[in-house]
Amino acid sequence: MSLLRTEGLSKEFGGVSAVDGLSFAISPGMVYSIIGPNGAGKTTLLNLLTGIYAPSGGRIFLGDTDLTGRAPHEFAAAGVARTFQNLQVFFNMSALENVMVGRYGRERCSLATALLRTPALARAERACREKAAELMRLVGLAEWLDARAEAMPYGALKRLEIARALATEPRMLLLDEPAAGLNAAEMREIGELIGKLVSRSHTVVLVEHNMRLVMDVSDQVLVLDYGRKLAEGAAKEVRRDPRVIEAYLGSAAATVH
Amino acid sequence: MMSWLASPRTGGFAALLAVIAALPLVLSNNYFYEVAILVGLNAIVCVGLNLLIGYAGQISLGHVGFFGLGAYGSAILSARYDWPPLAALAVATIAVALLAYVIGRPILRLRGHYLAMATLGVGVIVSIVAATEDRWTGGPDGMPVPPFKLFGGTLSGEGAWYCVVGFLLVVTVWLSLNLIESPTGRALRALSGSEVAAEVSGIDSARHKVLVFVISAVFASVAGSLFAHYSGFITPSKLTFLHSIELVTMVVFGGVASTYGAVVGAAVLTTLPQLLTVFKDYEMVALGAIMMGTMIFMPKGLVPSLQAWAGGSRVRKGIP
């Protein structure tokens, strides 16, 4: 039984197809990577899979639930969490509070409870704080527990988004170019973190430009070109596929290979 | 001890209580009391408005409309229908909450300048209705409002009003601090930080925007009801567009996303024009200069800037 499944998923912007009739399925517990040249539709696909865009056609299922056309917060409630390529951090809060926001779906309370700050809420808040701190340690942000988000460096903010996404207790975690802008050491750490998440039986969808990271961590790779599926399979197979090489390097390179 | 004093939930709250309790020692005549009561009522509106503007990152240039609806609702029900003032206040508040919900649903889909325009309309409509529906409101001449009655007694005298408004301000600040530190409050702050990230974290942004709009309208409405009973007379001249702008200015001047900032902003901008009367003809010039100077040198507003200076290196290191 697949965790996430799409059927003929399409998205058009003013007559131009950014994603065109995509069907694929992601099994639980795997790292599923989506790659492709610039403009292949990777970010559009991620926005479709989190409800930020409504599809022009096709369907999205999480388990048995049809999420097609739902709002992003409903995707989140169903168990889809994500990070952003261009950071979307709450810079008006502390790092810890950023992660606590991720626990909204678990900790939400009535307006009266919030206004009166009942003892039960105060207890729940302490537990929430502790869980958020735990997640920050998990992603390697122990030294930033007391920091304001605006004071943190870029690499740490990327992890902060991962911690916030994990705080929703997702069934599936979508990472949008987690290695972009990181140096080699930081990138290795992100790779290790993804490995750690999988060992905790998380399902990870990875959109990434860095081939080394993709080849290192992926169980399955989907290659997009012009919004269509160019190839899909295990990392090693995909890397040798002449169509993939052509899309990335041009047809001459494919013949030489 | 220092951390206890530095925490807004304890230190700031203790300071607010102390100021409200100590102020009568220096309020030597009724005029001072009157200014203090106006400060309190403005501060109640500003604390609510700050939830909307400062924390949730939305804008309203029409909150004087909700203030006016509370005022006229209380005035009409208690003067024309002989309702007990407390019941009139309650019904006016509920009606304003419902209205804010109905208005908020469509207009809070707008952002930035467009939202400002739409909310501006709310305030303008209320003041026009108040000025033209003279059978109900007395038209431009206004209408008298009976005194407020509480527990069988009539609320009269500046001292008694000071206590009631002071108490309500404390309650308002307490509710606001509680809300901001709750999951709901974090959701509101997340909206102004990044709406898309809030949504993918499971927060229904439309619902929360409407929620905070309604809460801020309720605070304004209650203050309006009390203002009507306190002054004993209400006219549309209290509901000008300019007053909406003043309310937003108080919030920004005191410091957005700071509950105490809203209180301080209301206090400073309500009393400053009174103090500046010594400049006679140059009163407005002096007020404008002070406001410009403050925003240039304290762009985050009074309270957050002073906190940052007091915190010094702590803030620069990123420790809250």
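What share of the contacts in chain A between residues at least 6 apart in sequence join residues at least 24 apart? The share is 65%. Two residues are in contact if their C-beta atoms, placed from the backbone, lie within 7 Å.

## Model and confidence

This is a predicted model, in which local features need pLDDT of at least 70, side-chain atom pairs count only at pLDDT 80 or more, and totals for chains, interfaces and linings use all residues. Residues are numbered from 1 along each chain as its sequence is written, while chains are lettered from A and ligands numbered from 1 in the order in which they are written.

The predictor gives the complex an ipTM of 0.92 and a pTM of 0.93. pLDDT is the predictor's confidence in each residue, from 0 to 100. Its average over chain B is 91, and 95% of the residues there score at least 70. Residues 313-320 of chain B fall below 50. Beyond near neighbours in sequence, that stretch has 11 contacts in the model. Where pLDDT is low, the predicted coordinates should not be read in detail.

## Chain A

Chain A has 12 helices and 10 strands. These are DSSP runs, numbered from the N terminus: helices are H or I with at least four residues, strands are E with at least two. The radius of gyration of chain A is 19 Å, close to the 18 Å from the globule rule for 257 residues, so the chain is as compact as a globular protein of that length. That radius is taken over C-alpha atoms, and the rule is 2.2 Å times the number of residues to the power 0.38. Along the principal axes, the C-alpha atoms of chain A fill a box of roughly 70 × 40 × 35 Å.

Of the 257 residues of chain A, 46% count as buried. A residue is buried if 20 or more other C-beta atoms lie within 10 Å of its own, exposed if 12 or fewer, and partly exposed in between, with C-beta atoms placed from the backbone.

## The contact between the chains

Chain A gives 37 residues to the contact and chain B gives 28 residues. On the chain A side, the elements that give two or more residues are helix 2 (72-78), strand 6 (80-82), helix 3 (95-102), helix 4 (104-107) and helix 5 (111-116). By class, this side has 21 nonpolar, 8 polar and 8 charged residues. Ala, Val, Leu, Ile, Met, Phe, Trp, Tyr, Cys and Pro count as nonpolar, Asp, Glu, Lys and Arg as charged, and the others, Gly among them, as polar.

## Packing in chain B

The axes of helix 5 (residues 85-107) and helix 11 (residues 205-231) of chain B come within 8 Å and cross at roughly 145 degrees. Axes are lines fitted to C-alpha atoms, for helices over the stretch in contact, and angles run from 0 to 180 degrees between N-to-C directions. The residues of this contact divide into 13 nonpolar, 5 polar and 1 charged. Among them are B:Leu89 and B:Val96 in helix 5, and B:Phe213 and B:His229 in helix 11.

B:Val39 lies in helix 3 (residues 30-55) of chain B. B:Val39 is buried because 23 other C-beta atoms lie within 10 Å. Leaving out residues up to four places away in sequence, B:Val39 touches B:Ala266, B:Ala267, B:Thr270 and B:Thr271. B:Val39 and B:Thr270 are 231 residues apart in sequence, yet 5.9 Å apart in space, C-alpha to C-alpha.

## Positive phi

Most residues other than glycine have a negative phi. A:Tyr226 has a positive phi of about 50 degrees. A:Tyr226 sits in the loop between strand 9 (220-225) and strand 10 (228-233) of chain A. With 16 C-beta neighbours inside 10 Å, A:Tyr226 is partly exposed.

B:Asp82 has a positive phi of about 55 degrees. B:Asp82 is found in the loop between helix 4 (63-80) and helix 5 of chain B. B:Asp82 is exposed, with 9 other C-beta atoms within 10 Å.
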